[in-house]
Amino acid sequence: MKLRRNQVCPIHHSLSCCGREVILQKLGRRQLGIQRIDDPHHLRGFRELRSNAEMRKLLNKKIVSQMKKCAICEVEFTDCSDVVPDHINPRGMGGAWRDDHPENIQAVHWWCNGETGSSRI
């Protein structure tokens, strides 16, 4: 019997056996949670990278801690789809390529984030 590309082998319980190629797309997406990367040039000595789910959780906490107001314009949020995370120390201002530490993230409107670009307030 010929196995389909996304069918699990009943013998080996694997997607990449019996002459099939390894499916790289599915293997690359399994990085969940928070990754800590050592960076000697950073003030803390490390950077944090968060998955999309962890960033959503952090953004929800930031919305509550900011009393449901944008950190830039101080206007209250009306729709969840308008809220995006903003890096306080952006890459263009000497920050790390990506540092998702809670001290470096704030909740803002997407249009406020676009207006500021890579500048500090």
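In the predicted model, Arg 36 lies over the face of Phe 46, at 3.7 Å from the ring centre. Arg 44 also lies over the face of Phe 46. For Arg 44, the distance to the ring centre is 5.3 Å. Phe 46 belongs to strand E2, which spans residues 46-50.

Strand E2 is largely enclosed by the rest of the structure, because five of its five residues are buried. Both of its faces are covered. Phe 46, Glu 48 and Arg 50 are buried on one side. Arg 47 and Leu 49 are buried on the other. Strand E1, residues 34-38, pairs with E2. The pairing is antiparallel and runs over five bridges. Within it, Gln 35 stands opposite Leu 49 of E2.

One joins the side chains of Arg 50 and Glu 48, at 3.1 Å. In the other, a polar atom of the Arg 50 side chain lies 2.7 Å from the backbone oxygen of Asp 100.

A polar contact of 2.8 Å joins its side chain to that of Gln 106.

The wider layout can now be set out. The protein chain holds three helices and four strands. From the N terminus on, the order of the elements is α-β-β-α-β-β-α. The chain has 121 residues, and 31% of them count as buried.

The average pLDDT is 79. A score of at least 70 is reached by 71% of the residues. Where pLDDT is low, predicted coordinates should not be read in detail.

The cysteines were examined next. The count of disulfides comes to zero. Cys 73 is in no disulfide. The cysteine sulfur nearest to that of Cys 73 belongs to Cys 112, 3.6 Å away. Cys 112 is likewise in no disulfide, and its nearest cysteine sulfur is that of Cys 73. The cut-off explains this result: a disulfide needs the two sulfur atoms within 2.5 Å. The surroundings of these two residues can also be described. Cys 73 has 31% relative accessibility, so this residue counts as partly exposed. Cys 112 has 5% relative accessibility and therefore counts as buried.

Another cysteine, Cys 80, sits in the loop between helix H2 (52-65) and strand E3 (83-87). With a relative accessible area of 69%, Cys 80 is exposed. Cys 80 and His 109 are 29 residues apart in sequence. In space, their C-alpha atoms are 9.4 Å apart.

Most residues other than glycine have a negative phi. Lys 68 is found in this loop. Its phi is positive, near 60°, and the residue is not a glycine. Glu 74 lies in the loop between H2 and E3 as well. Its phi is also positive, at about 65°, although Glu 74 is not a glycine. Glu 74 is exposed, with a relative accessible area of 53%.

Trp 111 is partly exposed, with a relative accessible area of 36%.

Notes: Residues numbered from 1 in each chain as written. Predicted model: local features only at pLDDT ≥ 70, side-chain atom pairs only at ≥ 80, totals over all residues. Heavy atoms only, no water. pLDDT = per-residue confidence, 0-100. Buried < 20%, exposed > 50% of the residue type's maximum accessible area, 1.4 Å probe, protein only. Helix = DSSP H or I, 4+ residues; strand = E, 2+ residues; numbered from the N terminus. Pairing = 2+ DSSP bridges. Lys NZ or Arg CZ within 6 Å of the ring centre and 35° of its normal. Polar contact = N/O pair within 3.5 Å; in protein donor to acceptor, adjacent residues only side chain to side chain.
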